[in-house]
Amino acid sequence: YDIRDGNREIYYKRSTDGGTSWGVDTRLTNNTSFSQYPSVTVSALFVHVVWMDNRDGNYEIYYKRSTDGGTSWGVDTRLTNNTFSSLHPSATVSGLVVHVVWQDSRDLTTSFEIYHKRSTDGGVSWGTDTRLTNNAVLAYYPSVSVSGQVVHVVWHDTRDGNNEIYYKRDPTGNPTSVKIMDDIVVTEYKLFQNYPNPFNPGTTIQFSLPRSGFVTLKVFSIVGEEIATLVSQELTVGKYSTQWIADQEASGVYYYRLQVRPNDGGQAGLFVETKKFILLR
């Protein structure tokens, strides 16, 4: 946040060459109140920003997004609505699933609890507020991250008489699109050719795992830029299917890469395979 305008506003800038050079400053908020403490997260061309804002008379959590890599921005969306303070948000994204956590005093006006909410459609709509902590002391400054289906949250907490770090997780709080195919006998690692190919805008990708392990399936441009993460989680033995919906991408050649690190294989057991596919508008 920046006070060049006489009050606190949220600004954004980006680099398109890995941080070597930077574009202009873009002002994201415009009101006479304080907009401060932003958090940013990115998935492909979707850029999500949350911050705390007191334009409503008390601090609330606000959100806005860009669907074109930060070139243009949508409207401000108010995520919380209560007469007490909602402060210090943190955001993370996995595909179209966006998670936000923050500290909130709605339950005890002299203290704070940690709250969470999520969007499963890229920030278009949002679910209900979920209270993550429940004690009569301070819980504040949360941070959120996801890996596969698991949501991880850490925060400061004074329940022990001094500041300590606390953690909790939701093992199924981040829905993913990968699905296991029933009654399939798997004997080898394999990344199948997508279908249809060429495609517009969606295509299906299948892969098989003869051993359990941590799996990533990512999409890259023809110049090697990472475009999307389709899978990033622990999976067991089986054949799996997922989809890529490329409604924000231009026509052209892309690559998808499967990487599997077996639970019992270490670096020597790492499996990697890449295939080419074509988006044709």
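**View 1. Asp 25 and Arg 4 form a salt bridge**. Their closest N and O atoms sit 2.8 Å apart; a salt bridge here is a side-chain nitrogen of Lys or Arg within 4 Å of a carboxyl oxygen of Asp or Glu. This is a predicted model, where local features need pLDDT of at least 70, side-chain atom pairs count only at pLDDT 80 or more, and totals for chains, interfaces and linings use all residues. Residues are numbered from 1 along each chain as its sequence is written, and side-chain values use heavy atoms, with hydrogens and water left out. The pair links distant parts of the chain, 21 residues apart: Asp 25 is in the loop between strand 1 (11–12) and strand 2 (26–27), and Arg 4 is in the segment before strand 1. Strands are DSSP runs (E, at least two residues), numbered from the N terminus. Asp 25 is partly exposed at 34% relative accessible area, and so is Arg 4 at 49%. (Buried means under 20%, exposed over 50%, partly exposed in between, with a 1.4 Å probe and protein chains only.)

**View 2. Arg 55 has salt bridges with Asp 53 and with Asp 76.** For Asp 53, the closest N and O atoms are 2.9 Å apart, and for Asp 76 they are also 2.9 Å apart. Arg 55 lies in the loop between strand 4 and strand 5, while Asp 76 is in the loop between strand 5 and strand 6, so this pair ties together parts 21 residues apart in sequence. Asp 53 is buried, at 0% relative accessibility, whereas Arg 55 is partly exposed at 29% and Asp 76 is partly exposed at 25%.

**View 3. Four strands make an open sheet in the order 3-4-5-6, paired antiparallel**. Strand 3 (35–43) and strand 6 (77–78) stand at the edges with a single partner strand each, so one side of each has no neighbour in the sheet. Strand 5 (residues 60–66) and strand 6 pair over two bridges; strands count as paired if DSSP finds at least two bridges between them. Look for Tyr 63, which stands opposite Thr 77 in strand 6.

**View 4. Strand 18 gives the most residues to the lining of the largest pocket, namely eight**. The lining has 44 residues, and nearest the pocket's centre are Ser 43, Ala 44, Gly 95, Ile 227 and Ala 228. (On a 1 Å grid over the protein atoms alone, a pocket is an open set of points where a 1.4 Å probe fits, with protein on both sides within 12 Å along at least five of seven lines; lining residues have an atom within 4 Å of a point.)
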